[in-house]
Amino acid sequence: MTGPAARLVVLAGPTAVGKGTVAAAVRERHPDVWISVSATTRPPRPGEVDGVHYWFVSEAEFDRLVAEDQMLEWAVVHGRHRYGTPRGPVEEALAAGRPSLLEIDLQGARQVRASMPDALFVFLKPPSWDELVRRLVGRGTESDEERTRRLETAVAELAAEPEFDVSIVNHEVHAAADELVALMTARA
Ligand code: 5GP
């Protein structure tokens, strides 16, 4: 892409680092940024709205989206449910010139890297390992077994940082969101 074209930014990082919270802060503070709504087979949590937080779809519907090549990327996350980025809306947002954000897991980021190498890949990292553990435990929504599994995943995920173009340390959510948007709106 040349000139002041919209930039596609892919935000990934270890589990519990706060990717979702940073994306929510971007949504609140920077309405000019378009944020992809993923499709997932996970059931909604209380307060989650279809079409806002995710498109909540059945296994059969997800199969159809994949079979029809409507997913830009997709992955099984935490060994459970499938999550994916619908391709059409991303292409439309970029064509309309909007800076666009995907908040996805590492497997998905690698797929987008393969298909859209011009995107900017941003790694959100915790201030320290201890802080990541604290955030994971602090969330308090997982069982001991699940927490152990997620910590093991986090070790592998942290090792992926060198695959990314830029890292942002999530010391504080609003600062991280502003830093991300500054990168998105920077002209090449
Ligand atoms: P949660 O179930 O807590 O909303 O999300 C779990 C994980 O799924 C997060 O790490 C999030 O980054 C990832 N995720 C959300 N949407 C997508 C997507 O469209 N594709 C991929 N690959 N991962 C996603």
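Leaving aside neighbours within four places in sequence, which residues is serine 38 in contact with?

## Serine 38

Serine 38 is in contact (heavy atoms within 4.5 Å) with Tyr54, Trp55, Gly84 and Pro86, its neighbours within four places in sequence being left aside. Serine 38 sits in the loop between β2 and β3 (39-40). Serine 38 is buried, its relative accessible area being 10%. Buried means under 20% relative accessible area, exposed over 50%, and partly exposed in between, with a 1.4 Å probe and protein chains only.

## Basis of the model

This is a predicted model, in which local features need pLDDT of at least 70 and side-chain atom pairs count only at pLDDT 80 or more, while totals for chains, interfaces and linings use all residues. Residues are numbered from 1 along each chain as its sequence is written, and side-chain values use heavy atoms, without hydrogens and water.

## The sheet

An open sheet is formed by five strands in the order β2-β7-β1-β8-β9, with parallel pairing. At its edges are β2 (34-35) and β9 (166-169), each of which pairs on one side only. Helices (H or I, at least four residues) and strands (E, at least two) are DSSP runs, numbered from the N terminus. Two strands pair if DSSP finds at least two bridges between them. Strands of a sheet pair through backbone hydrogen bonds, either parallel or antiparallel.

Strand β1 (residues 8-12) runs parallel to strand β7 (residues 100-103), and four bridges join them. Leucine 8 belongs to β1 and stands opposite serine 100 in β7. With a relative accessible area of 5%, leucine 8 is buried. Its contacts, apart from neighbours within four places in sequence, are Val90, Leu94, Ser100, Leu102, Val112, Met116, Ala119 and Leu120. Leucine 8 and proline 99 are 91 residues apart in sequence, and their C-alpha atoms are 6.2 Å apart in space.

## Helix α7

Helix α7 has 13 residues. From first C-alpha to last, α7 reaches 18 Å, close to the 18 Å expected at 1.5 Å a residue; the expected span is 1.5 Å times one less than the number of residues. At the start of α7, a side-chain oxygen of glutamate 172 comes to within 3.2 Å of the backbone nitrogen of histidine 174.

The buried residues of α7 are Ala176, Ala177, Leu180, Val181 and Met184. Seen down the helix axis, these buried residues fall within an arc of 130°, so they line one face of α7; the arc is that of the directions from the axis to the C-beta atoms. They pack against β1, α1 (19-29), β7, β8 and β9.

Definitions and conventions: Polar contact = N/O pair within 3.5 Å; in protein donor to acceptor, adjacent residues only side chain to side chain.
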